[in-house]
Amino acid sequence: MHGFRTAGTLRRSPRPAPVVTLALVSACAAAILAVPTTAPAVHAAPAGVGADSRTFPAPAQRAAVHFDAPLQRAPDLLDASADDVSHGSSPAPTDDASADAVSTVDALTDPATGLGPETAAQVPDDSTQVLIASGADDDSTETRLSLWERADDVWTRTATMAGHNGGSGWREDRREGDRTSPAGVFSLSDAGGYLADPGSLLPYHRDEGLRSGAEAVYGDGYATVFDYVIAIDYNRKTGVAPTENTRPMGWDAGGKIWLHVEHGNPTRGCIALPEEDMEFLLTTLDPDRSPHITMGSEEYLAQ
């Protein structure tokens, strides 16, 4: 069963037939840690972690090991970094009356999806799972998401949910440290987290040292942010753990853009969702269905 989500409340409905090491780093933070990992990928062969040890560049602002600095799930617990994302609140309930109803369309360019011909054309023909993440405008930090799945050439919205994106909104040509989320269409190939594999269909890379490492640097309040992670394939090598640091487009373009557990505030570039939504996506997104995410402002996606 799939779930419909509106403002954090999951509504179940049928769907059609048919992701981190102690070196964890994401665009949701400005710093990087370098320590060996503990366990390799739990999941299938394509997702093998390249090595049992990864080394990342040391952060400029700390001499010691340093984690990403996302905000806490509780709105009153903020990262110690003064330049972290601004205070915020959880997304407001959607006012789309149709969000509770099943929506079925013949093409992703249907107005119901919010995707225009240019954006829809970037989704590969073999993709039958598309996660659409949109903000009201380029400066929006609140994201509405809907999962569309195709069966027999018909697309059906099988889930809706809400979360946060970058503290500076959306940008197609984002740069390292600018706190924007990249606008575009990206594949979803690898997952991971501190928690044990919940039954992820995507290759899952577990790191049992993540929580203790996060607590050692940031305190107890930051322990659960990366319990579940799905890497968004923006400026990264695929087929490896989300923490792998290769950036094909260069360092300046930024990287480590993930879907991860919500902390109640905007991020440094990732998309944060409630834990139950992350678990739902992990157990739903199927690599055999070439899952992709289209993300950006409503105006951008409508192109």
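I looked up Phe186 and Tyr234 first: both are buried, where buried means under 20% relative accessible area, exposed over 50% and partly exposed in between (1.4 Å probe, protein chains only). This is a predicted model; I take local features only at pLDDT of at least 70 and side-chain atom pairs only at pLDDT 80 or more, while totals for chains, interfaces and linings use all residues. Residues are numbered from 1 along each chain as its sequence is written, and side-chain values use heavy atoms, without hydrogens and water.

Aromatic pairs next. I count rings of Phe, Tyr and Trp (its six-membered ring) as paired if their centres lie within 6.5 Å; planes under 30 degrees apart are stacked, over 60 edge-to-face, the rest tilted. The whole structure holds 2 such pairs. Phe186 and Tyr234 have ring centres 5.7 Å apart and planes at 85°, so I log them as edge-to-face. Phe186 sits in strand 9 and Tyr234 in the loop between strand 11 (229-232) and strand 12 (258-261), 48 residues apart. Strands here are DSSP runs (E, at least two residues), as are helices (H or I, at least four), numbered from the N terminus.

Phe226 and Trp258 are edge-to-face too, with centres 5.4 Å apart and planes at 85°. Phe226 is in the loop between helix 2 (210-218) and strand 11, Trp258 in strand 12. Phe226 is buried at 4%, Trp258 at 1%.

Then salt bridges: a side-chain nitrogen of Lys or Arg within 4 Å of a carboxyl oxygen of Asp or Glu. I find 8. One of them joins Glu149 and Arg289 at 3.0 Å, N to O. Glu149 lies in strand 5 (residues 142-151) and Arg289 in the loop between helix 3 (275-282) and strand 14 (292-297), so the bridge ties parts 140 residues apart in sequence. Both residues, Glu149 and Arg289, are buried.

Glu176 bridges to Arg247 at 2.9 Å. Glu176 is partly exposed at 33%; Arg247 is buried at 11%. Arg247 also lies over the face of Trp251, 3.7 Å from the ring centre; my rule is CZ of Arg or NZ of Lys within 6 Å of the ring centre and within 35 degrees of the ring normal.

Last, confidence. pLDDT is the predictor's confidence in each residue, from 0 to 100. The protein chain averages 75, and 64% of the residues score at least 70. Over residues 29-100 the pLDDT is below 50. Where pLDDT is low, the predicted coordinates should not be read in detail.

Terms used
Contact = heavy atoms within 4.5 Å.
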